[in-house]
Amino acid sequence: MKKIFDFLHIRKEERRMVFVFVLLSAFLHACCIWCYSDSFLKESIDSGDVFYSQFHVSGYDPITYAVVTHWGTTYQVFRHPLLAFFVYPLFLLNNGLIALTGYNLVQYLLGLLILVCNTYSVLFLYRIFCEIIGLLRKDAILLTFLFYGFAHIMVASIVPDHFTVSMCLLLMALYLSGSYMRKGKEWTIIQTVVLFVITAGITLSNGVKIYMDALFTNGKRFFCPKYLLLAVILPAALMWGFANWEYRTYIQPREKEQRRTMIKQQKIAKQRAYEAFMDTTSITNPDEQQAAFTKMYRIQQNKEAKERWKSMHKGMPIKSKNMFLRWTDVTTPRWDSMVENLFGESLLLHQDYLLEDTMGNRPLIVTYRWWVCYVVEVILVILFLIGLWIGRKSRFLWLTLAGFAFDMVIHLGLGFGLNEVYIMASHWAFVMPIGIAYLVLAASRNNVMPLYRYIVLRILLVLLTVFLWIYNGSLLVSYLLGGTIGN
């Protein structure tokens with residue numbers, strides 16, 4: 001058993017880097033806790049409404065605060081089928097602490113969990129650079145801190161959402177896959193099932209990436225009938241079955257009640273509209289009256305629906321009764337979203353509408369005030385693309401890119417979450433420093449590139465890292481502490 005968890009041990013040469021990161025991360029956590037502690041520490045919180053009404057950090061949800069305070073299947077069960085059950089022990093612990101201390105310590109409990117996940121994310125990414133790709137330790141440390149300077153990696157690392165936990169598990173799976181590839185080992189059925197259940201239980205779509213990891217690691221053995229049935233088909237079917245059971249048991253009764261209330265309200269509104277129409281119409285034929293009202297009312301309903309989508313800064317979905325297709329977006333401009341949100345806000349915060357929600361006042365597309373922000377964005381993307389070309393023969397890089405491609409199909413192709421795609425950065429943004437790592441590796445080998453190019457590249461990466469930490473860090477801290485930096 002001890003050997004199984006050896007990879008979680010923090011080695012001596014890693015401790016200094018981890019210690020520095022923990023200090024920085026703990027400071028940001030402290031700022032977040034301080035920002036909301038006056039409201040969230042109260043024992044008398046009798047519902048989760050206070051979290052939803054007062055927690056505002058971009059599009060991140062405080063659902064976990066509410067669930068750990070008053071447990072319930074509040075998450076979207078087809079996207080997060082096991083998340084409510086995973087945090088149930090924290091709910092029990094928190095309520096025990098409330099009884100003992102008189103304070104709701106949910107912020108501290110979740111803060112500690114997220115800090116641990118962040119620490120291991122740093123560790124796994126650092127080891128990927130050193131052990132899988134083969135970077136020097138100083139280069140691995142530099143790229144690790146570059147990654148945590150990205151705007152919505154920094155922000156996600158302190159908010160009570162599921163993204164940081166997902167990122168930790170995804171990086172752990174990548175690290176294990178890379179290690180197994182180097183050693184010629186394969187994922188076992190039990191390993192695959194455990195990783196799939198935990199990862200997909202938190203975010204169902206990320207379970208697909210576990211199967212991608214297993215496919216690249218095991219190769220043709222992935223399609224062995226026994227492995228395919230017991231490690232892939234059966235767990236996926238059971239997870240989907242559980243999500244359906246959870247929906248029918250917990251969610252559907254609430255939705256039916258809400259639907260009945262909504263239908264009743266719609267009937268009342270339609271009757272009032274009909275009465276108003278009859279008071280003003282000059283049509284005397286009853287059949288013509290009904291046809292004219294039906295046409296007018298349908299046009300009005302469509303117009304109101306479009307206005308509601310527009311007011312929420314959400315693109316129109318694919319027309320379908322399927323609940324998953326309702327999450328799509330076919331109208332939001334892709335190029336602007338890529339420039340300002342996907343590779344923009346994910347990496348550098350916008351000063352205008354700082355960390356506001358697109359469901360509130362923030363427009364879908366916000367531009368930067370300073371041209372230097374676009375320069376930094378372009379440099380990072382170019383370094384990433386060059387690294388991809390240099391590392392194009394690496395099987396591990398192709399594995400990493402497979403997960404990235406899956407996310408891009410979901411976000412840019414189908415438009416899922418495209419209106420706030422930057423909050424999903426924890427699921428994919430680590431591919432950028434991993435890609436850049438292959439460029440750094442090539443530059444560090446004097447027989448491939450002249451030494452001066454390696455030195456110039458390192459200086460550039462140091463400058464980018466320092467800029468990202470100062471720029472994003474100052475804006476984040478000013479937002480949490482109520483300052484005016486950048487405004």
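The largest cavity in this predicted model has a volume of about 110 Å³. A search of the whole structure returns three cavities of 30 Å³ or more. A cavity is a set of points, on a 1 Å grid over the protein atoms alone, where a 1.4 Å probe fits but cannot get out. Volume is the space filled by probe spheres set on the points, with grid points joined across faces, edges and corners. Because the model is predicted, local features need pLDDT of at least 70 and side-chain atom pairs count only at pLDDT 80 or more, while totals for chains, interfaces and linings use all residues. Residues are numbered from 1 along each chain as its sequence is written, and side-chain values use heavy atoms, with hydrogens and water left out.

**Largest cavity**

- Its lining (residues with an atom within 4 Å of a point) comprises 13 residues, and Leu174, Lys209, Thr400, Gly403 and Phe430 lie nearest the centre.
- Helices H9 (163–183), H11 (206–218) and H16 (395–413) each supply at least two residues of this lining; helices are DSSP runs of H or I with at least four residues, numbered from the N terminus.
- H16 provides the largest share, five residues.
- Seven lining residues are nonpolar, three polar and three charged; Ala, Val, Leu, Ile, Met, Phe, Trp, Tyr, Cys and Pro count as nonpolar, Asp, Glu, Lys and Arg as charged, and the others, Gly among them, as polar.

**Second largest cavity**

- The second largest cavity has a volume of about 60 Å³.
- Residues lining this cavity include His29, Cys32 and Ile33, along with Tyr65, Gln107, Leu110, Gly111, Ile114, Ile158, Val159 and Pro160.
- H1 (12–40) and H6 (106–133) are helices that each supply at least two of the lining residues.
- H6 gives the most, with four residues.
- The lining divides into eight nonpolar and three polar residues, with no charged ones.

- Ser58 is not a glycine, yet has a positive phi of about 55°.
- Ser58 sits in the loop between helix H2 (49–54) and helix H3 (63–69).
- Ser58 has a relative accessible area of 4% and is buried, a term that means under 20% relative accessible area with a 1.4 Å probe and protein chains only.
- Leu355 also has a positive phi, near 55°.
- The loop between helix H14 (334–345) and helix H15 (371–390) holds Leu355.
- Leu355 counts as buried, at 1% relative accessibility.

Methods
1 Å grid on protein atoms, 1.4 Å probe; cavity = no way out; pocket = protein on both sides within 12 Å on 5 of 7 lines; lining within 4 Å. Buried < 20%, exposed > 50% of the residue type's maximum accessible area, 1.4 Å probe, protein only.
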